[in-house]
Amino acid sequence: MNKMAGTWIEMCKSDELHEGEMKALEVQDLRVAIYRHDGKVFSTDNVCSHAFALLTDGWLDGHLVECPLHGAQFDITTGEPQNGPATCPIAIYHVEESDGVIRVHLPLG
Amino acid sequence: MERVVVIGAGVAGHRAAEEIVKLASDFRVTVLQDENSNPYDRPPLSKEFLASSEIAPPLLSGQYIQSAAVDFRANVRVEHIDRQQQAVTGSDGRRYSYDRLLLATGSRSRLLPLPAAINHHVHYLRTLRDAQRLREALQPDRRIAIIGGGFIGLEVSVAARRRGCSTVVFEKAPFILERVGSRRLSDWLSQLHASDDCEMEVNCGPLAIEDAGERVALKWNAGEALFDAVVVGIGVEPNTALAIDAGLHVDDGIVVDHECRTSDPNVFAAGEVTSYPLRSLARRIRSESWSVAIAQAQVAARNIAGIASDYDELPWLWSDQCDANIQCLGMNAHAAFHASLRSDSPEKWLDVGFDQAGKVVSAVAVNMGREMSMLRRSLKRKEPVPAAIASRLEPSQLAIMGHDRTEGELRGMSG
């Protein structure tokens, strides 16, 4: 499937993530967020790079996810901070959606 | 080529300079900052930076300092603005000519009138240097008096306790934080801090502070005690002296329009120093808020670059205390009546304030960032209160003017 180091992890069924929604998942020590925007699924680290908070407790507006604590916004397609107090990007992960399943490539053993 | 001079490299001046060179690559921007440091972010100074010696100074990304489009100069205080010649004079003896000038001079700590002998025990918190000095003073087992139960005082008290100090917060009003928060927030935070071993002396009356050798003696209307250090957080005053000297319209802050323009069309102002208009409140206000500073910097930068932009948002600010996230939107005092969001936990709540016409003018939230974000978004887009919030609102017991409405009336207005 992919030769990069890491593991493809099944996150959920396709029909469990609707347009404009996001979902939090924990895989071992990783906190991962998945989002559906314009039909496509994106995945990022779920912890804000500014202060400790889960982005999925915040707000998804188009391709921007906003942290609930201080309003830092990240582009879910690139992980780059857009507005607000964050200056560091968050990690993004490769996503594959096929056969009604969403899988994310995570940096695990 | 247009020349822009920015006075001040706090978050407003810093962000504006970044935006201007991004929007207009042929502009040359000079940033003059009186402090002898690179630009840094202030919110962490009263929080994580103060609480742990391991935390590095919160410097702002310094890309533009290396950029050829920005000439950043630390340790230069502006002494005079010559609006006729369109130039400012710095303490380095140089003149900096401008086509557009941005005043982002911020505020300074309001000082207590104190005898000089005890000054080395007394701290204020505004600059990175203040924070470094205060952090040194917050050694384990020291007893710290905090004068002023506002956001800064309360945040400092948490940081001090994390460093092993004991703290007493003195507030002359009957409730902490009443000016920016609400009575419910005062009560909630009083309990939070009490459960975190903070002593609180509200209604403390005038304080007498005296030199007691290695310590400081504090007397208030209900007692007296010795402290190792005193931290004063009794508010700020806007740095308007340069603007007044230059003959700009100043009323509390530097008066600007929705475009962040002062009474001189070539001079803009952004951040805490401004007195700015809000259509929804039909008045001008001055805000001590990081997010207002950022938003105004962006608006000023766009207008300086020739792109029309308008600032008209209720001020929003946050505080983090003992793992609680507090957010305030607008000013509670501008609300005629309130409604509370139904919540499943006493640790999570949101009160919304309405004016007489039923328009949202304020909100206070504890650990409800998502709902606050939804509310702010709808206000910005001039949309009704989102149904997900409106359907959970109940008239609250916190009427401040006796105008509370029934639930049905509220639904009708917000729906």
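Predicted model: local features only at pLDDT ≥ 70, side-chain atom pairs only at ≥ 80, totals over all residues.
Everything I quote is computed from it.

B:Ala270 has a relative accessible area of 1%, so it counts as buried. What does B:Ala270 touch, leaving out residues up to four places away in sequence? The list is B:Ala12, B:Leu102, B:Leu103, B:Ala104, B:Gln296, B:Ala297 and B:Ala300. Take B:Ala300 from that list. Along the chain, B:Ala270 and B:Ala300 are 30 residues apart, and 6.7 Å separates their C-alpha atoms.

Next, strand 21 itself, residues 274-278 of chain B, where B:Ser275 is found. Is B:Ser275 buried or exposed? It is buried, because its relative accessibility is 4% and the cut-off for buried is under 20%. The side chain of B:Ser275 makes a polar contact of 2.7 Å with the side chain of B:Arg284. With residues up to four places away in sequence again left out, B:Ser275 touches B:Asp251, B:Gly253, B:Ile254, B:Val255, B:Val256, B:Arg284 and B:Ile285. B:Arg284 therefore turns up both as a polar partner and among the residues touched, given that B:Ser275 counts as buried.

Now helix 6 of chain B, residues 183-195. The helix has 13 residues, and the distance from its first C-alpha to its last is 18 Å, close to the 18 Å expected at 1.5 Å a residue. Which of its residues are buried? They are B:Leu185, B:Ser186, B:Trp188, B:Leu189, B:Leu192 and B:His193. As a reminder, an α-helix has 3.6 residues a turn, so residues three or four places apart point the same way. You can check the numbering of the buried set against that on the screen.

What do those buried residues pack against? Within chain B, the partners are helix 5 (151-162), strand 12 (198-202), strand 23 (316-321), strand 24 (324-330), strand 26 (349-354) and strand 27 (360-366). Just after helix 6, B:Asp197 has a positive phi of about 70 degrees.

On to salt bridges. Over all chains, the structure holds 35 of them. I'll pick out a few in chain B.

B:Glu237 pairs with B:Arg110, with 3.2 Å between the closest N and O atoms. This pair links distant parts of the chain, 127 residues apart: B:Glu237 is in strand 17 (residues 236-238), and B:Arg110 is in the loop between strand 8 (107-109) and strand 9 (122-123). B:Glu237 is partly exposed at 28% relative accessible area, and B:Arg110 is partly exposed at 32%.

B:Lys219 and B:Glu210 form another salt bridge, at 3.8 Å from N to O. Here B:Lys219 has 33% relative accessibility, which means partly exposed. B:Glu210 is also partly exposed, at 39%.

B:Glu288 and B:Arg286 form a salt bridge at 3.4 Å, N to O. B:Glu288, at 29% relative accessibility, is partly exposed.

Last, the contact between the two chains. Chain B contributes 15 residues and chain A contributes 14. Together the chains bury about 1,300 Å², 47% of it on carbon and sulfur atoms. On the side of chain B, B:Trp318, B:Arg370 and B:Arg377 lose the most area to chain A, together 39% of what that side buries.

How many residue pairs are in polar contact between chain B and chain A? The count is 12, taking pairs where both residues are at pLDDT 80 or more. Where in chain B does the contacting side come from? Helix 8 (290-304), strand 23, strand 24 and helix 9 (369-380) each supply at least two residues. Helix 9 gives the largest share, 6 residues. By class, the side of chain B that touches chain A has 4 nonpolar, 5 polar and 6 charged residues.

As for charge pairs, there are 3 salt bridges across the interface. In one of the salt bridges, the side chains of A:Asp61 and B:Arg377 meet at 2.8 Å, N to O. Both residues belong to a network of salt bridges that links A:Asp61, A:Glu66, B:Arg377 and B:Arg381. B:Arg377 is also one of the residues that lose the most area to chain A.

That's it from me.

Definitions and conventions: Residues numbered from 1 in each chain as written. Chains lettered and ligands numbered in written order. Heavy atoms only, no water. Helix = DSSP H or I, 4+ residues; strand = E, 2+ residues; numbered from the N terminus. Expected span 1.5 Å × (residues − 1). Buried < 20%, exposed > 50% of the residue type's maximum accessible area, 1.4 Å probe, protein only. Contact = heavy atoms within 4.5 Å. Buried area = accessible area lost by both parts, 1.4 Å probe. Salt bridge = Lys/Arg side-chain N within 4 Å of Asp/Glu carboxyl O. Polar contact = N/O pair within 3.5 Å; in protein donor to acceptor, adjacent residues only side chain to side chain. Nonpolar A, V, L, I, M, F, W, Y, C, P; charged D, E, K, R; others polar.
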